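Please have a viewer ready and try each task before you read its solution.

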Amino acid sequence: MAEDKTGFNDPIHGYMEFDPLLVAIIHTPCFQRMKDIKQLGASYWIFPGASHNRFEHSLGTAHLAGMMIERLKDVHKRDKKTTDRNHQHYITDEEVLCVKIAALCHDLGHGPFSHVFDTRMKTKLIEYHKNEIHRLSDEQCEDDDKNYHGAQAKKLNDWEHEDASCAMFDHILKTTDGLKDAFAEKKLGEKEQKLIKNIIKGKHPAEDDITEVPTTLDGKLKKWFLFEIVANKIYEVDCDKFDYFARDCHNLGMKSNFDYLRYINNIQIKLLDGDGGLHLCPRDKLVFNIYELFHTRWSLHHRAYQHKTTKAVEEMITDALILLEEKYKFSEAIFDMEKYSKLTDSIFYEILRSNDTDEKTKKAQEILERIQRRKLYKLYGEFQPDKKLNIDDLEAAAEEIAKLSGGLVKANELFVSIVKIHFGKEDQDPVKSVIFYNKDGDIADSRSGDDVSRMLPQKFSEQYVRLYGTDIDSDMKKEIAKECFEKWNAKYKSNSDD
């Protein structure tokens, strides 16, 4: 394998250069697949600039993670004051490569239309299998069939797209000629490959039990910071967000005031007494910049990711796909990387091109054609509850609303959407989870909103409940549905709890 690095010109980061091992991964069908998966999924139907894909986001994340880990290695190698504590050996060449590869591969497991597939589609697949169990029970079918659907529902319930990213990474290693040898040449064996997958998943020292956390040469200090570069589970500031916030804002025509380069150049590795591990700590002067990161997150969710029309298109796409579960077996493909590697946004036009004449295919085609003709599901009402509502069964909620109409509106003509928007840590101030260091290099006191500005938010999460109509074409029925939603809304407002 040639040792010359390969460069890519990127509209966000400019010239990006990658090691030959990363380039070998990029030039595989499984990685190239991400060129056909929209970063923002259904948002492209609403925002004409949102045409970017998971492919370029993955390159950008690898570029930033490489920048961060290389700088940390250099800073701590040069830190003469800390040689007696093994700082110069905090980061090995192999660990640098592991972080870069994990950043590059962290989104390999996304399905069609990105998060549409691992959120709404996943939920509907689980419901499909549960409904099949009930149907087979009513028909007194064989237990083997019911057991199949039960097993599929359980597997899906435990599945996250990061699991598929790890499985796809293993698949690339297994099916790409010469790649395992290239890994071996760089001293990346099974232990390092497992580290890569753990970095992709993200790990929290207080919540995850990992016996293979790398340690310093003396074996005394655990390198938790390796898990805080790509997917930071402690305080949610990481290179994944740095890239997609910058890239999404650029393509959506929005602005972000967060400066990720300032963050990268003002972090150090510090030993924390709480867990005896080494963690990433930003300089205390970055506290306002970090609030800007979380404000950008909130703004993107509010204005784009959770846009009312985006949610309508997402529902229509998943309604079309779920109709064809028997044909495409999406819930099996998720766990079969050979099949999953062929599953991309192109499924939209594959369904439209189908010559099948069965009822479900025709219905799915009708739904997708409606998206193309902008005949979308319509928003009938929205409210923001004073206290968070815990509604797990959205179909049951639609049935409750339909019942209030006295049979004039049917449940299958409605759907309820619960939108949650927060700063990254649900109801908590995420900055309180950040451990800062001061100008003397010592751990600083924890920071919170009042330390920065009294104009920062006092609440860090909000919820919206929306009602949409699917096939209602009567103005009278629309008004009835809106009135029923208001009645239902009033009931939940009075009964809501924290």
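Predicted model: local features only at pLDDT ≥ 70, side-chain atom pairs only at ≥ 80, totals over all residues.

Residues are numbered from 1 along each chain as its sequence is written, and side-chain values use heavy atoms, with hydrogens and water left out.

**Exercise 1.** Describe how helices H10 and H12 cross.

*Step 1.* Find H10 at residues 239-252 and H12 at residues 287-305; helices are DSSP runs (H or I, at least four residues) numbered from the N terminus.

*Step 2.* Their axes come within 11 Å and cross at roughly 40 degrees. Axes are lines fitted to C-alpha atoms over the stretch in contact, with angles from 0 to 180 degrees between N-to-C directions.

*Step 3.* The two helices, H10 and H12, are therefore oblique to each other (under 35 degrees is roughly parallel, over 145 roughly antiparallel, 65 to 115 roughly perpendicular, and the rest oblique).

*Step 4.* On the H10 side, Tyr244, Phe245, Asp248, Cys249 and Leu252 meet H12 residues, among them Leu293, Arg297 and Leu300; contact means heavy atoms within 4.5 Å.

**Exercise 2.** Which residues of H5 and H13 meet?

*Step 1.* H5 covers residues 115-138 and H13 residues 308-323; their axes come within 10 Å and cross at roughly 45 degrees.

*Step 2.* Val116, Arg120, Met121, Lys124, Leu125 and Tyr128 of H5 meet Glu314, Glu315, Thr318, Asp319, Leu321 and Ile322 of H13.

*Step 3.* By type, the residues of this contact between H5 and H13 divide into 6 nonpolar, 1 polar and 5 charged.

**Exercise 3.** Find the largest nonpolar core and look at what surrounds Phe242.

*Step 1.* A nonpolar core is a set of buried Ala, Val, Leu, Ile, Met, Phe, Trp, Tyr and Cys residues joined through side-chain atoms within 4.5 Å. The largest one has 129 residues, and Phe242 is among those with the most contacts inside it.

*Step 2.* Helix H4 (residues 93-105) gives the most to this core, with 9 residues.

*Step 3.* Leaving aside neighbours within four places in sequence, Phe242 is in contact with Leu64, Met68, Val237, Phe258, Tyr260, Tyr263 and Ile264.

**Exercise 4.** Is Asn266 buried or exposed?

*Step 1.* Go to the loop between helix H11 (260-264) and strand E3 (267-272), where Asn266 is found; strands (E) have at least two residues.

*Step 2.* Asn266 counts as buried because its relative accessibility is 15% (buried is under 20% relative accessible area, exposed over 50%, partly exposed in between, with a 1.4 Å probe and protein chains only).

How values were computed
Nonpolar A, V, L, I, M, F, W, Y, C, P; charged D, E, K, R; others polar.
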